[in-house]
Amino acid sequence: MKQILCVFAIAAVAAAAGACSDNAFTPSVDNVAGDYSVLQLVTSADTGSTDWVAAGTTWSMTLHPNGVTTGHLFIPDGNGPGIDVDADMAGLWVLSGDTLRIDQTADTFVRDMTYLASENRLTGDRIFGTIRVRVVLGK
């Protein structure tokens, strides 16, 4: 009887694992397009890290299915004490596999990063000189 239960348990685990693989996310324009807001924006350097969301950053961006981006980025003191980053997120986006690129007029890190598209999230991680920028946007 123990062997039968063991076989059923193994079969159940195998079926569950197979069911999970059927739910794998494959990025497409349709399922990546949507309204995003910043969940994480952290910069790190030799002098330490800054959590810009905790410091008051707001960033909302819509990726429209036609490849257009709209939105706004505000980072208080983002360019130094008393010098805020205040940028329009108007531009274009392109998805290639699970990699997303944004092209826009605003001269911010946003256009210089590559983002990994996953289910309801965009993540980016890049080093600019001596500063590492990590981004997570969520729907």
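A search of the whole structure finds one aromatic pair. The rings of Trp 59 and Phe 109 sit with centres 5.7 Å apart and planes at 90°, so the pair is edge-to-face. Rings of Phe, Tyr and Trp (its six-membered ring) pair if their centres lie within 6.5 Å; planes under 30 degrees apart count as stacked, over 60 as edge-to-face and the rest as tilted. This is a predicted model: local features need pLDDT of at least 70, side-chain atom pairs count only at pLDDT 80 or more, and totals for chains, interfaces and linings use all residues. Residues are numbered from 1 along each chain as its sequence is written, and side-chain values use heavy atoms, with hydrogens and water left out.

**Overall build**

- The protein has two helices and 10 strands. Helices (H or I, at least four residues) and strands (E, at least two) are DSSP runs, numbered from the N terminus.
- Along the sequence, the pattern is α-α-β-β-β-β-β-β-β-β-β-β.
- Of the 139 residues, 32% count as buried. Buried means under 20% relative accessible area, exposed over 50%, and partly exposed in between (1.4 Å probe, protein chains only).
- The accessible surface comes to about 8,300 Å², and 57% of this belongs to carbon and sulfur atoms. Areas come from the Shrake-Rupley method with a 1.4 Å probe; for residues, only the protein chains shown count as cover.
- Among contacts between residues at least 6 apart in sequence, 40% join residues at least 24 apart. Contact means heavy atoms within 4.5 Å.

**The aromatic pair and the core**

- Trp 59 lies in strand β3 and Phe 109 in the loop between β7 and β8, so the pair ties together parts that are 50 residues apart in sequence.
- Both Trp 59 and Phe 109 are buried.
- In soluble globular proteins, nonpolar side chains tend to be buried together.
- The largest nonpolar core here has 27 residues. Such a core is a set of buried Ala, Val, Leu, Ile, Met, Phe, Trp, Tyr and Cys residues joined through side-chain atoms within 4.5 Å.
- Trp 59, Leu 73, Phe 109, Tyr 115, Leu 122 and Val 135 touch the most other core members.
- Elements giving two or more residues to this core are β1 (34–45), β3 (58–63), β4 (68–75), β5 (85–88), β7 (99–104), β8 (114–118) and β10 (131–138).

- Beyond its neighbours within four places in sequence, Leu 73 is in contact with residues including Trp 59, Val 85, Met 89 and Phe 109.
- Leu 122 is in strand β9. Leu 122 counts as buried, at 0% relative accessibility.
- With neighbours within four places set aside, Leu 122 is in contact with Val 32, Tyr 36, Leu 63, Leu 100, Tyr 115 and Val 135, among others.

**A buried threonine**

- Thr 69 is in strand β4. Thr 69 is buried, with a relative accessible area of 1%.
- A polar atom of the Thr 69 side chain lies 2.7 Å from the backbone oxygen of Met 89.
- Apart from neighbours within four places in sequence, the contacts of Thr 69 include Met 61, Leu 63, Met 89, Trp 93 and Ile 102.

**Positive phi in loops**

- Asp 77, a residue other than glycine, has a positive phi near 60°. Asp 77 lies in the loop between β4 and β5, and is partly exposed at 37% relative accessibility.
- Asn 120, also not a glycine, has a positive phi near 65°. Asn 120 lies in the loop between β8 and β9 (121–128), and is partly exposed at 39% relative accessibility.

Methods: Polar contact = N/O pair within 3.5 Å; in protein donor to acceptor, adjacent residues only side chain to side chain.
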